[in-house]
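Visitor: I'm new to this structure, so please pick one spot, take a close look at it, and then lead me on from there.

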Amino acid sequence: MKILVPNTIELQLHADAEVVVYDVTADIPTGHRDAEVLVTWQNPADRLASAARDLGALRLVQTLAAGPDAVLAAGFAPDVRICSGRSLHDGPVAEHALALILGAVRRLDLLHDAQQERRWDTEYIAAQSAPATRGAFTLAGAHVTIWGFGSIAGALAPLLQLLGAEVRGIARSAGIRSGVEVHADDDIAALLAETDVLVSLVPAAPETADLADARVFGMLKPGAVFVNVGRGATVDEEALIDALESGALRAAAIDVMKTEPLGEDSPLWAAPNLMITPHVAGNRPVGASALIDDNVARLAAGEPLRNQVAR
Ligand code: OXD
């Protein structure tokens, strides 16, 4: 079996197969278009589409991204199995989410601005210790709601709980996951009304487009904080900017945007009280080689694959 692996990550594969490294920015060379397995990581959309067109013997696409949306949109034949990198990013994304949450809650953006101006921020000092802001600059006692309660949320929740946050989740179906009370997404008004921090880990799919919209921001507790480490497509960015400008949201931090890289002319750059990071939360998959080895062995043995999302 021939496996094509991307030149964007170092892998140590032990699979019983011919392993060929390919350049994600170029078309797959003609001599390797007989590959049965394609591993993808940070592939541009147009090259994924040409791989989908050119690889006629393909049986499995293993993306190392937690969110398989780019591969699902590339046009691979319906009989090609697609597996996600679910779980490879749990630690890194949870850590980055925690950094963004703390940065937004404690308003490190304001302090960074003051530092750039060589200014001791007396306004911030007064605001942070004022009786009226008790509870606003801390996670202790804060109600944090995680929307999209999969394996990353399972890693993030205990970190937040350790800091004293009350964590609840939203997912397609209600239940207790990783010890956290998860609400069904058709019943969230009461939950959002008492949410201090809304964290989105929602994947991109037709049904989640613009999920976080003016209605959602309007349902949140006034002055809540919003953090997105899921997918940009799930947020109505105009509504986000409006909510920041009106003060409905006290602050926000986003690692993902509808258009990436974010264009110089995007209004998001100038939105007040918004921190932006360039899609770096899950920039380094952990355990990728073991997942590929396992799925290649399963494919060869005709066994069910891990993280299969299509076919
Ligand atoms: C992912 C990502 O899906 O990095 O893994 O966004």
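Guide: Let's start with A142: setting aside neighbours within four places in sequence, it is in contact (heavy atoms within 4.5 Å) with G164, A165, E166 and D196. Before going on, keep in mind that this is a predicted model, where local features need pLDDT of at least 70 and side-chain atom pairs need 80 or more, while totals for chains, interfaces and linings take in all residues. Residue numbers run from 1 along each chain as its sequence is written, and side-chain values use heavy atoms, with hydrogens and water left out.

A142 sits in the loop that links α5 (122-129) to β6 (143-147). Those labels come from DSSP runs numbered from the N terminus, with helices (H or I) of at least four residues and strands (E) of at least two. Is A142 buried or exposed? It counts as buried, because its relative accessibility is 5%; the cut-offs are under 20% for buried, over 50% for exposed and partly exposed in between, with a 1.4 Å probe and protein chains only. For a sense of distance, the C-alpha atom of A142 is 47 Å from that of V21, and the two residues are 121 apart along the chain.

The core has 33 residues, and the ones touching the most other members are I101, I146, L156, L160 and V199. A nonpolar core here is a set of buried Ala, Val, Leu, Ile, Met, Phe, Trp, Tyr and Cys residues joined through side-chain atoms within 4.5 Å. Elements that supply two or more residues include β6, α6 (151-162), β7 (166-171) and β10 (197-200). The biggest contributor is α3, with eight residues. I146 shows what the packing looks like: beyond its sequence neighbours within four places, its contacts include L156, L160, V167, I170 and V199. There is also a second, separate core of 28 residues, with F217, F226, A243 and A271 among them.

Now for α3 itself. G103 lies in this helix, and at 4% relative accessibility it counts as buried. Apart from neighbours within four places in sequence, G103 is in contact with L108, D109 and M275. Its C-alpha atom is 9.7 Å from that of F137, which is 34 residues away along the chain.

Another buried loop residue is worth a stop. T234, at 2% relative accessibility, counts as buried, and it lies in the loop between β11 and α9 (237-246).

The bond from E260 to P261, though, is cis, with omega near -5°, and P261 is in the loop between β12 and β13 (274-276). N273 lies in the loop between β12 and β13 too, and its phi is positive, near 60°. N273 counts as partly exposed because its relative accessibility is 28%. N307, not a glycine either, has a positive phi of about 60°; you'll find it in the loop between α10 (288-301) and β14 (308-310).

Around it (a heavy atom within 4 Å) are A65, A66, G67, H89, R231, H279 and G282. Taken alone, the ligand exposes 210 Å², and the protein buries 87% of that, using the Shrake-Rupley method with a 1.4 Å probe.
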